[in-house]
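Subject: Structure handover, side-chain contacts

Hello,

Please find the structure below. My notes on its side-chain contacts follow.

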Amino acid sequence: MHPIARASRPLRIVLPGGSGQVGRVLAEYFQERGHHVTVLTRLPYAETWQTVRWDGETVGPWTEYLEGADVCINLAGRSVNCRYTDANRAAIYDSRIHSTRLLGEVMSALADPPRVWLNASTATIYRHALDRPMDEADGEFGGNEWMTARRRAPRSWNFSIRVAKDWEAAFFAALTPRTRKVALRSAITFSPVPGNAFAILLNLVRFGLGGAQGNGRQFVSWIHELDFARAVEFLLYRDDIDGPVNVASPNPLPNREFMAVLREAWGVPNGLPTPAPLIELAAVFLRTESELVLKSRRVVPGRLLDAGFQFEFPTWQEAAEDLVHRWRHRFD
């Protein structure tokens, strides 16, 4: 297994499932730096980078783009922003585990496989945590944990944790001795574009609904899109890092403070709170799950910090001010 050295030669980077928000962030970031980017997608689209059709389920002509590539960054997986019906659960699970297994089988058979394979994972793998931060060394996985001294987390939360565990298990089970593997346990990535999580939260603030959600004590783990891309780039060149890596800001904060900072960045002094029962009701009508808001994710990037990675936006105040500024000027 040969490390990737920083050099003048552009890298060949393949992004399976890279047509979503995070994939576009990475594709744009790496292309702007002179690398050759290929996105594998179910529906090829017109962009400045190359897009190639794949279905995430079967071997096809797309495999030739992995032969001789330097990097594979797999982001494939159906969005979790939906109601967890039986059909959606199956799609969420299968789209992640099956595509990861498929890539492992393909790469194990290549004559010249990528030297680095980064596979998406999620910070949701950790338990609901109010008491202490969760890093890679001593973070505790979730599953049937207690939210308070008298109340367990909803059983529905176990599904997301099972997906995360099985996703990583499929990834690390792949027999790819010539390829270094890193699981990206990512927090929510914020970008100033319509339709994503940042836009949803900002709309709440803009319409006077940007108060605390639930009791406001649950922690929010997050990362600015630029730091997400920079962290991925950092990991490409660190041949001494493999296994799971938390990709999150070093400063998660309680939801109440998180929303207050966002209101301040937008210039709105107050916002109506949203009690947990109302969130549960709204989730039904919005066809999503309350877990995305009410679970306390207190994740910190222990391995990135230990390796010397420096964040451009380490605090939410800095990130929120930048994101709001870019949102206001997105049509300039």
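Burial is given as relative accessible area: buried means under 20%, exposed over 50%, and partly exposed in between (1.4 Å probe, protein chains only). The model is predicted, so local features need pLDDT of at least 70 and side-chain atom pairs count only at pLDDT 80 or more, while totals for chains, interfaces and linings use all residues. Residues are numbered from 1 along each chain as its sequence is written, and side-chain values use heavy atoms, with hydrogens and water left out.

Salt bridges

A salt bridge here is a side-chain nitrogen of Lys or Arg within 4 Å of a carboxyl oxygen of Asp or Glu. The whole structure has 15 of them. Helices (H or I, at least four residues) and strands (E, at least two) are DSSP runs, numbered from the N terminus.

- R9 and D70 form a salt bridge, with 2.9 Å between the closest N and O atoms. R9 is in the segment before β1 and D70 in the loop between β3 and β4, 61 residues apart. R9 is partly exposed at 44%, whereas D70 is buried at 3%.
- R180 and D239 form another, at 3.4 Å. This pair also links distant parts of the chain, from strand β6 to the loop between α5 and β10. Here the arginine, R180, is buried at 3%, and D239 is partly exposed at 34%.
- R162 and D166 meet at 4.0 Å, N to O. Both are in helix α3, four residues apart, which means a separation of about one helical turn. R162 has a relative accessible area of 42% and D166 one of 27%.
- R127, D131, R132, D138 and E140 are joined in a salt-bridge network.

Aromatic rings

Rings of Phe, Tyr and Trp (its six-membered ring) pair if their centres lie within 6.5 Å; planes under 30 degrees apart are stacked, over 60 edge-to-face, and the rest tilted. The structure holds 14 such pairs. F171 and F172 are tilted, with centres 4.8 Å apart and planes at 50 degrees. F171 is buried at 1%, but F172 is partly exposed at 34%.

F190 and W316 are also tilted, at 5.3 Å and 40 degrees. F190 is in strand β7 and W316 in helix α10, 126 residues apart. Both belong to a cluster of ring pairs that includes F198, W222, F258 and W327.

Charges over rings

A charge sits over a ring if NZ of Lys or CZ of Arg is within 6 Å of the ring centre and within 35 degrees of the ring normal. R328 does this over W266, at 3.8 Å from the centre. R330 lies over the face of W327, at 3.9 Å.

Regards
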